[in-house]
Amino acid sequence: MPGATRVRWVLVSATAVALVASGCSSSSSGSSSSNANATFTYQSGEPQNPLQPANANEVNGGRVIQNLFRGLVDYDPSNSQIRMQVAEKIDTSDSQTFTVTLKSGWTFHDGTPVKAKNFVDAWNWGANVKNNQINSDWFSDIQGYADVHPKSGNPATGQMSGLTVQDDTHFTIKLANKVSYFEYKLGYPAFSPLPDGFFNDPAGYGQKPIGNGPYQFVSWDHNSQIVTKAYPNYQGVDKPKNGGVVFKAYTTSEAAYADLQSNNLDVMDQVPPSALASYKTDLGSRAIDSPQGAIQSIGFTLYQPDWSGANLNKVRQALSMAIDRDTITKTVLQGSRKSATAFVAEGVAGYKSGTCTACKLDVAQAKTLLQEGGGVPGNSLKITYNADGGHKEWVDAVCNNIRQNLGVNCVGDPKPDFKTARAAITGHQIDGAFRTGWVQDYPLNANFLAQVYRTGASSNDTGYSSPQFDQLAKQADEAATVQDSETGYQQAEGVLAQDMPQIPLWYYRTNSGFSTKVQNVSFDSFGNPVWTAVQVKG
Amino acid sequence: MGTYVLRRILQMIPVFIGATLLIFLMVYTLPGDPIAALFGDKAADPAQVAQLRHLYYLDQPLWKQYLHYMWNLLQGNFGTSFTGRSVAALMGDAFPVTIRLALVAFAFEIFVGIPLGLLSGLKRGSLLDTLVLIGTLIVISIPVFVLANVAQQVVGVNLGWVTPTVQNSNDISQLILPGLVLGSLSLAFVTRLTRTSIGENRRADYMRTAVAKGLPQRTVISRHLLRNSLIPVVTFLGTDLGALMGGAIVTEGIFNVKGVGNLLYQAIRHKEGPTVVGVVTVLVIVYLVASLVVDLLYAVLDPRIRYA
């Protein structure tokens, strides 16, 4: 047996050396020519849910769905603007009723045409509470949502009254309220069309999805990889420049990084924290550092008497001005974040830098404001965070800033993991402050503001309630165009700068890299590579 | 012998029930709500949460959930994970990988550890003995994640002999490096145990008798010395096999092996009761069977031990 082991070893090392040798020769002679039929590998993991568009809200399933399906619109990766895909045009006169015209020629991977009916059926199915779709509340803007998704009990009907098919290429969407930027929401994968066959066997299609996107499903080797290949009849504006994407499951980003360095993985998601300091020297021109539509903040328990006082907004401004964001992002976070100057992440449509006036380090001003506001209740601040997300280092650094600059006794309060921390936050069992953040659903400022700061909004964890903000947000929702809505929300953001319900800290960045086998790799604001643009060197 | 085995198997039943109940309670008391966690950062929709809770039988009182689970288990149904795949299928993917990995590590321990211990035990104080002592001391004192990362960096990235991580978890030749890393600590224990045991038994009466009878040295060592000296080693190897089957979260993580350790870790993170209880139930059985086999091996090794 030891003898057999040794023989295996020699074989393994011999083939590995041969592979490395041939790899070297091809890369040294390889020019920038590319092979449009070759696939590339991407660092991923096992999806948490079946691969159904309205069920994918975590990254591992989400990034597969997003490649297998195309909705009415998507976002131009270069500037985050809306781009028409299956839709020819989406017309509205009142921001409440939208008439959708589809392009002809689009087909699902099984060859059947993409009709208006496929959208309407898919949305009705996704919204139906009986179908247990995690993203069902994405359809809540549509009139009749409560009928298919009642608060309790069984739905009265399977159809939302707001959706009407006119013919194969036309349908209308009537919303319960005016939402001027509804188009932006339509780029979310939950709004993808589904082929007729899906409805007979949703579970089966969840294992072997059939979409209409640039890539078609080939195989799902559980816990190992999901293989896709380019769909030759894809009609979108972003035709794949490669032969397909292979989503390789990794348990740790350290393992993926080791594979990337030795060309066993082509593009990775995020380099591991341990490699942040060195990845740019390790990878040279193959390193990626690009902005992401996500922001990290500290939220306050405005629902507690301690923090609901009228003057306490000045205290929160003071705390914000005591934080040295530039130093923390550079040192503790090793350049993986960028200091925030607004409540909306950089790069999304409607972003305006500098709206958070108290986001600059100014110790003298902070001390004055702290005095005016009457000081931090009890002169102590506890910041709750989840210990499994690499937050300890920066929470400690922020607390050091606050302690040194303002003399407030600030401590971090770790919860063992994300779900425990979330349960405490949503259950209002926090004392003082907590780590929070927002990752864009769609690259528009309304997404960062309406869902987080509106009275009673689904992700308003601070309990913030400002009639002024709500009023401005409502006006922005009812604006005639998306541009007007963007400016409207910028005005609403001004209210936040005064009230400071959360302290914006920094924007996320994509720190990633790619192997020597691929080129033309860039990342969008979702932190995903521009899949179809990646070229495999040939 | 037959009745002994039967009695041991009957004893497994209460242990099995107790273990599953304990694990079930532990998973239940894990903090956080698994259904709300499915929604990630976003606020969970109450109507949908209620539906999902009902779907996974989580809206029932704990004792009902346990009975429901056990009833399904008796029918061979391990339940379903949140991904919609059956837990049996998840385990069917993970256990073969872990068995292969464990086999590599186990073979390494037996076929390298025991000879090393035998040689150094026979030649106490020699250069080889000193080298083995120093070598095992180093392995015991280095944490496995350091060893694994160094092995990955040197063998995988710098030398390029193997790929840094396992590309196909079902290919046993790719599991050699992780297996060696995983087995190294136990190898050191096996070597030292064998060495000490050999050293003690060399002076035993039966050894003197065997030598005095004029038996060839080879027979003396293999028949009389080694067999008797292996009892503590076999005890250790038996429990170690159980531990190896439980998967190695650290080693599997570093080398990206999709084994039981990885499955269990993910399941605990997502608080997936059926998966955790299912995997642990199988592991409990593995432990029970391994300890039974160890006890039976005693009788084979030492003729003085008899089971009635």
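# Predicted model of chains A and B

Read along the sequence, chain B runs α-α-α-α-α-α-α-α-α-α-α-α-α. The model is a predicted one. Chain B holds 13 helices and zero strands. Its C-alpha atoms fill a box of roughly 85 × 55 × 30 Å along the principal axes. Of the 308 residues in chain B, 37% are buried. Among contacts in chain B with a separation of 6 or more, 74% are between residues 24 or more positions apart.

## Annotated spans in chain B

An unreviewed UniProt entry annotates residues 12–30, 99–119, 131–152, 172–193, 230–255 and 275–301 of chain B as "transmembrane region".

| Span of chain B | Distance between end C-alpha atoms | Helix | Strand |
|---|---|---|---|
| Residues 230–255 | 32 Å | 88% helix | 0% strand |
| Residues 275–301 | 39 Å | 100% helix | 0% strand |

## Domains of chain B

The domain assignment divides chain B into domain 1 (2–74) and domain 2 (95–301). The C-alpha centres of domain 1 and domain 2 of chain B are 33 Å apart. Across the boundary, 14 residues of domain 1 of chain B are in contact with 11 residues of domain 2 of chain B. On the domain 1 side, helix H1 (2–29) and helix H2 (34–38) of chain B are the elements that give two or more residues. H1(B) has the largest share of that side, with nine residues. By residue type, the domain 1 side divides into 11 nonpolar, two polar and one charged.

## A buried glycine in chain B

B:Gly183 lies in helix H8 (residues 176–201) of chain B. Why does B:Gly183 count as buried? B:Gly183 is buried because 26 other C-beta atoms lie within 10 Å, and the cut-off for a buried residue is 20 or more. Leaving aside neighbours within four places in sequence, B:Gly183 is in contact with B:Val104, B:Ala105, B:Phe106, B:Phe108 and B:Glu109. B:Ile142 is 41 residues from B:Gly183 along the chain, and the C-alpha atoms of the two are separated by 13 Å.

## Where the chains meet

Between the chains, 49 residues of chain A are in contact with 47 residues of chain B. On the chain A side, helix H1 (2–29), helix H6 (202–207), helix H7 (253–261) and helix H14 (418–426) of chain A each supply at least two residues. The largest share of this side, eight residues, comes from H1(A). The residues of chain A that touch chain B divide into 19 nonpolar, 21 polar and nine charged.

Chain A contains strands. Strand E5 (residues 97–102) of chain A has a covered face made of A:Phe98, A:Val100 and A:Leu102. Its uncovered face holds A:Thr97, A:Thr99 and A:Thr101.

Strand E4 (residues 87–92) of chain A and E5(A) run antiparallel and are joined by five bridges. Within this pair, A:Val100 in E5(A) is the bridge partner of A:Ile90, and A:Val100 also belongs to the covered face of E5(A). The hairpin of E4(A) and E5(A) has four residues between the strands, and A:Ser95 there takes a positive phi near 60°.

E5(A) is also joined by five bridges to strand E7 (residues 170–174) of chain A, and these two strands run antiparallel. In this pair, A:Phe98 stands opposite A:Ile173 in E7(A).

## A four-stranded sheet in chain A

Four strands of chain A form an open sheet in the order E1-E10-E9-E8, with mixed pairing. Its edge strands are strand E1 (39–44) and strand E8 (215–221) of chain A, each pairing on one side only. Neighbouring strands of the sheet are turned by 20° against each other on average, direction ignored.

E8(A) pairs with strand E9 (residues 225–230) of chain A in the antiparallel sense over six bridges. In E9(A), A:Ile226 is the bridge partner of A:Trp220. Helix H2 (residues 59–68) of chain A packs on the sheet and touches E1, E8, E9 and strand E10 (244–249) of chain A. The direction of helix H2 of chain A makes about 145° with that of E8(A).

Definitions and conventions: Residues are numbered from 1 along each chain as its sequence is written. Chains are lettered from A and ligands numbered from 1 in the order in which they are written. This is a predicted model: local features need pLDDT of at least 70, side-chain atom pairs count only at pLDDT 80 or more; totals for chains, interfaces and linings use all residues. UniProt positions are given in the numbering used here, feature names are shortened, and annotations may be inferred rather than shown by experiment. Two residues are in contact if their C-beta atoms, placed from the backbone, lie within 7 Å. Ala, Val, Leu, Ile, Met, Phe, Trp, Tyr, Cys and Pro count as nonpolar, Asp, Glu, Lys and Arg as charged, and the others, Gly among them, as polar. A residue is buried if 20 or more other C-beta atoms lie within 10 Å of its own, exposed if 12 or fewer, and partly exposed in between; C-beta atoms are placed from the backbone. Domain bounds come from an automatic or database domain assignment. Two strands pair if DSSP finds at least two bridges between them. Axes are lines fitted to C-alpha atoms, for helices over the stretch in contact, and angles run from 0 to 180 degrees between N-to-C directions.
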